[in-house]
Amino acid sequence: MPQRSALHYEGPGFAVTVLPPSPYEVSYVPAHHVIGFTFEGQRGVDAFGGSRRRLFDAEPWRLAFTPAGCDVFSASNRGGEYLILSVAPETFARLAPGIARGRLSQFTNVADPQFTRLAIGLRRATMVGAATPPLSIETMAAAAVERVSTVLDAGTTRAKAERRMTSRRLKRILDHFEARLAEEIHLADLASDIGLSESYLARTFQAATGTTLHVALMERRIARARSLIEAALHRGAPASLADVAAATGFSSHAHMTTAFRRVLGVTPSEWMRMMGGCSFRNQPITGAANDTPPGPQRFRGHGPQCL
């Protein structure tokens with residue numbers, strides 16, 4: 001099965017893969033537990049455990065879990081950036097001993113703000129690759145399993161402030177960002193557009209997503225910059241990083257470089273070199289039954305069917 005991404009890290013009993021925003025279609029039965037996290041919203045069709053295919057509309061900063069042995073189909077014409085943490089069943093059982101093996105349920109599009117920082121950290125560690133201290137990424141992977149086990153065990157009760165950040169409001173915030181990425185964005189203008197006070201908007205957004213409005217804006221600017229860099233590579237001409245910075249709202253090339261390094265662990269120039277060798281990017285992804293998710297997978301074993 002063609003890969004959607006060259007960004008992959010393997011540790012003892014787990015693997016992390018970062019998938020880019022590109023079309024895909026996959027069908028597989030994982031032999032390991034699969035934790036997913038959406039950095040960007042995406043729409044498509046999916047089915048789990050033999051259920052009928054259904055339309056899905058996944059929001060950004062949302063958590064998903066598919067247990068080993070649960071057959072999966074998923075397709076999207078415009079998949080968003082996505083993190084996959086694959087965990088061997090025996091590793092999951094060791095890290096989450098309180099969760100019964102036979103009671104692992106599949107879920108998608110769950111808000112768990114505490115998971116956001118873990119997903120950002122795992123993505124950054126995968127970008128850096130061999131330079132990542134093993135203890136650092138292994139600690140984050142263990143914490144990620146613990147968060148998923150908490151959701152599986154009792155679900156998550158959303159606080160009142162978090163509930164006020166509805167899907168409609170979240171979409172309006174992201175649309176506001178996308179329409180003005182090259183401009184200065186002010187909290188007062190955003191709050192007026194959403195219809196909440198400035199302080200309440202900031203508080204409810206962080207409660208619902210696990211990240212601040214400023215960090216979310218930087219995510220979108222970096223995502224747009226990465227897209228422009230990759231588009232230039234596909235045309236056969238390296239992008240002018242100064243022009244990319246200006247088009248995405250960074251005050252300078254240096255400002256963009258600082259943001260890239262802080263968020264992704266690599267500079268724009270390093271990202272350009274990494275992507276220069278990925279000829280398969282943006283290809284439609286197809287897969288057959290019993291395939292695993294895109295990316296090298298070496299775990300074997302059997303787990304429970306999804307409930």
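User: Is the crossing of α8 and α11 left-handed or right-handed?
Analyst: In this predicted model, α8 and α11 cross in a right-handed way.

User: Which residues of α8 and α11 make the contact?
Analyst: From α8 there are Arg 226, Ile 229, Glu 230 and Leu 233, and from α11 there are Pro 268, Trp 271, Met 272, Met 275 and Gly 276. Sorted by type, the residues of this contact are six nonpolar, one polar and two charged.

User: At roughly what angle do the axes cross?
Analyst: The axes of α8 (residues 213–234) and α11 (residues 268–276) cross at roughly 45° and come within 10 Å. That angle makes α8 oblique to α11.

User: Switching to salt bridges. How many does the count come to?
Analyst: The count comes to 12 salt bridges. One of them joins the side chains of Glu 40 and Arg 220, at 2.9 Å from N to O.

User: What does the pair Glu 40 and Arg 220 tie together?
Analyst: Glu 40 sits in the loop between β4 (33–38) and β5 (42–48) and Arg 220 in helix α8, so the pair ties together parts 180 residues apart in sequence.

User: Buried or exposed, that Glu 40?
Analyst: Glu 40 is buried, at 12% relative accessible area. Arg 220 is buried too, at 14%.

User: And what is the N to O distance for Glu 219 and Arg 123?
Analyst: The side chains of Glu 219 and Arg 123 meet in a salt bridge at 2.5 Å. This pair links distant parts of the chain, with Glu 219 in helix α8 and Arg 123 in helix α2 (residues 113–128), 96 residues apart. Glu 219 counts as buried at 9% relative accessibility, and Arg 123 is buried at 0%.

User: Which residues do shared partners join into one network?
Analyst: Glu 40, Glu 178, Arg 220 and Arg 224 are joined that way by salt bridges.

Conventions
Residues numbered from 1 in each chain as written. Predicted model: local features only at pLDDT ≥ 70, side-chain atom pairs only at ≥ 80, totals over all residues. Heavy atoms only, no water. Axes fitted to C-alpha atoms, helices over the stretch in contact; angles between N-to-C directions. Helix = DSSP H or I, 4+ residues; strand = E, 2+ residues; numbered from the N terminus. Parallel < 35°, antiparallel > 145°, perpendicular 65-115°, else oblique. Left-handed = near helix turned anticlockwise from the far one by under 90°. Contact = heavy atoms within 4.5 Å. Nonpolar A, V, L, I, M, F, W, Y, C, P; charged D, E, K, R; others polar. Salt bridge = Lys/Arg side-chain N within 4 Å of Asp/Glu carboxyl O. Buried < 20%, exposed > 50% of the residue type's maximum accessible area, 1.4 Å probe, protein only.
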